[in-house]
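I opened the file today to look up a few things in it. My notes follow in the order in which I checked them.

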Amino acid sequence: MHPEWQRIANEFIQATSYRLGDLEKGWAARYDFSERPPTYLQYEEAFVRIPLGEPDFPSSGDSADLWELLQNRRSKRNFLPQPLSLNELNLLLWGTQGITADMGDYQLRTTPSAGALYPIETFLLINHVEGLEKGLYHLDVKNWCLEGLKKQDVSEVAYQLTEEQEMTRRAAVNFVWTAKVDRTRHKYNERAYRYIWWDSGHTAQNLHLAANALGLGVSTIGHWMDHDMNEFLGIDGTEHLSVLMASVGKIAGGHWLEERRPK
């Protein structure tokens with residue numbers, strides 16, 4: 001590691017570390033949700049809005065048992081040139097960002113988030129999804145719809161911005177998770193810069209579980225060109241920045257029903 005990078009990383013850890021007596025007791029519990037930054041991001045200029053509605057959930061016999069799923073969870077990236085159905089994409093999105101309860105001042109989702117602040121946003125580079133044009137989309141969580149932002153073949157964009165990782169060009173969809181830092185920083189100050197990474201990890205793990213339960217291949221990506229990706233998404237890279245990626249697609253022999261069916 002370059003000495004300057006190591007110095008910066010160490011300074012970050014120290015600057016966001018706590019000691020006993022540093023904080024006023026119970027300050028986080030007294031947070032006023034009515035004064036928080038906006039929880040939901042929406043694009044009024046979207047060229048299309050695709051209502052997703054409630055996913056068509058597989059019956060219990062159509063998906064893996066949780067413990068079997070954990071036993072067999074793998075990162076798989078040998079994607080077939082086959083599209084995902086819109087319902088499969090909807091299930092993946094619900095599994096990572098779906099609202100599950102309304103607590104009045106805030107909503108709970110399928111993934112945990114520090115302080116229930118949910119700084120993570122979901123952008124999608126759609127290559128092969130039935131009923132959707134190729135392009136860049138954003139998940140409007142509040143209205144549970146996809147907002148179309150750019151109509152173009154994004155497979156080459158994903159390929160170039162991940163330094164030519166072939167799975168991104170072959171994937172049916174590439175997830176790009178971003179963080180709206182102020183949502184978390186408004187409550188947790190400097191500690192927010194740790195929490196956003198933990199939140200993105202929770203989200204990515206849920207994608208792995210949901211995709212594997214559907215018999216789909218999924219692999220998270222830690223290597224991408226941050227500055228170029230932020231520019232492509234139209235975000236500033238400071239207050240709103242890309243934090244993690246993942247590729248998803250169909251794989252050979254992936255469907256749980258096919259694997260479990262008697263020979």
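In what order do the seven strands of the open sheet lie? I am working from a predicted model, and there I read the order as β1-β6-β5-β4-β7-β9-β8. The pairing in this sheet is antiparallel. I then looked for the edges and found β1 (48-51) and β8, each of which pairs on one side only. From one strand to the next, I noted a twist that averages 25 degrees.

Next I checked what lies on the sheet. Helix α3 packs on it and touches β1, β4 (120-126), β5 (135-140), β6 (145-151), β7 (173-180), β8 and β9. The direction of α3 makes about 160 degrees with that of β4. Helix α6 also packs on the sheet, where I found it touching β4, β7 and β9. For α6 the angle was taken with β7, and it is about 35 degrees.

Gly 217 has Gly 249 of β9 as its bridge partner, and Ser 219 stands opposite Ser 247 in β9.

Entry on one residue of α3. Is Asn 90 buried or exposed? I located Asn 90 in helix α3, which spans residues 86-97. Its relative accessibility is 3%, and the limit for buried is under 20%, so Asn 90 counts as buried. I then listed its contacts, leaving aside neighbours within four places in sequence: Leu 52, Gly 53, Glu 54, Pro 55 and Trp 144. I also checked Asn 90 against Gly 104, which is 14 residues away in sequence and 25 Å away in space, C-alpha to C-alpha.

Last entry, on two helices. How do α6 and α7 cross? I found that the axes of α6 (residues 181-188) and α7 (residues 192-213) come within 9 Å and cross at roughly 130 degrees. The two helices are therefore oblique to each other. The crossing is right-handed. On the α6 side, the contact is made by Val 181, Thr 184, Arg 185 and Tyr 188. On the α7 side, I listed Ala 192, Tyr 193, Tyr 195 and Ile 196. I sorted the residues of this contact by type and got six nonpolar, one polar and one charged.

Technical notes
Residues are numbered from 1 along each chain as its sequence is written. This is a predicted model: local features need pLDDT of at least 70, side-chain atom pairs count only at pLDDT 80 or more; totals for chains, interfaces and linings use all residues. Side-chain values use heavy atoms; hydrogens and water are left out. Two strands pair if DSSP finds at least two bridges between them. Helices (H or I, at least four residues) and strands (E, at least two) are DSSP runs, numbered from the N terminus. Axes are lines fitted to C-alpha atoms, for helices over the stretch in contact, and angles run from 0 to 180 degrees between N-to-C directions. Angles under 35 degrees count as roughly parallel, over 145 as roughly antiparallel, 65 to 115 as roughly perpendicular and the rest as oblique. A crossing is left-handed if the near helix is turned anticlockwise from the far one by less than a right angle, and right-handed if clockwise. Contact means heavy atoms within 4.5 Å. Ala, Val, Leu, Ile, Met, Phe, Trp, Tyr, Cys and Pro count as nonpolar, Asp, Glu, Lys and Arg as charged, and the others, Gly among them, as polar. Buried means under 20% relative accessible area, exposed over 50%, partly exposed in between (1.4 Å probe, protein chains only).
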